[in-house]
Amino acid sequence: MATEVRGPASYFPSIEKKYGRPIAEWQDLIRASPLTRHMEQVNWLKSEYGLGHGHANALVAHTRAEDTARSLAE
């Protein structure tokens with residue numbers, strides 16, 4: 001039985017379909033950004049790439065959570 005995807009990752013299929021880039025590419029852009037605050041990154045994705053607020057927020061939240069988890073595991 002497939003597990004239902006919840007949280008920010010639940011937006012990923014629609015983000016890839018609507019904006020034509022894989023999630024990994026969006027995450028690379030976020031990680032390469034000189035901006036460090038969550039809402040700065042969200043607003044940057046909205047203004048530079050035309051993402052909607054929910055999609056931008058989901059990408060930033062998931063990427064930052066992944067990076068935090070990776071740092072804690074090291």
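**Exercise 1.** Determine whether Q41 is buried or exposed, and state which residues it touches.

*Solution.* Step 1: Q41 has a relative accessible area of 6%. Step 2: buried means under 20% relative accessible area, exposed over 50%, and partly exposed in between, with a 1.4 Å probe and protein chains only. Q41 is therefore buried. Step 3: Q41 belongs to helix α3, where helices are DSSP runs (H or I, at least four residues) numbered from the N terminus. Step 4: contact means heavy atoms within 4.5 Å. Leaving aside neighbours within four places in sequence, Q41 is in contact with I30, L35, T36, V60 and R64.

The model is predicted: local features need pLDDT of at least 70 and side-chain atom pairs count only at pLDDT 80 or more, whereas totals for chains, interfaces and linings use all residues. Residues are numbered from 1 along each chain as its sequence is written, and side-chain values use heavy atoms, with hydrogens and water left out.

**Exercise 2.** Classify K46 by its accessible area and list its contacts.

*Solution.* Step 1: K46, found in helix α3, has a relative accessible area of 30% and is partly exposed. Step 2: not counting residues up to four places away in sequence, K46 touches L51, G52, H53 and A56.

**Exercise 3.** Show which residues of α1 are buried and how they are arranged around the helix.

*Solution.* Step 1: the buried residues in α1 are F12, I15 and Y19. Step 2: viewed down the axis of α1, they fall within an arc of 60 degrees, so they line one face of the helix; the arc is that of the directions from the helix axis to the C-beta atoms. Step 3: an α-helix has 3.6 residues a turn, so residues three or four places apart point the same way. Step 4: P13, K17 and K18 are exposed on the other side of α1. Step 5: the buried residues of α1 pack against α2 and α4.

**Exercise 4.** Describe how α2 and α4 pack.

*Solution.* Step 1: the two helices meet at an angle of about 75 degrees, with their axes 10 Å apart. Axes are lines fitted to C-alpha atoms over the stretch in contact, and angles run from 0 to 180 degrees between N-to-C directions. Step 2: α2 and α4 are therefore roughly perpendicular to each other, a term for angles of 65 to 115 degrees. Step 3: α2 contributes I23, W26, Q27, I30 and R31, and α4 contributes L59, V60, H62, T63, E66, D67 and R70.

Note on methods:
Parallel < 35°, antiparallel > 145°, perpendicular 65-115°, else oblique.
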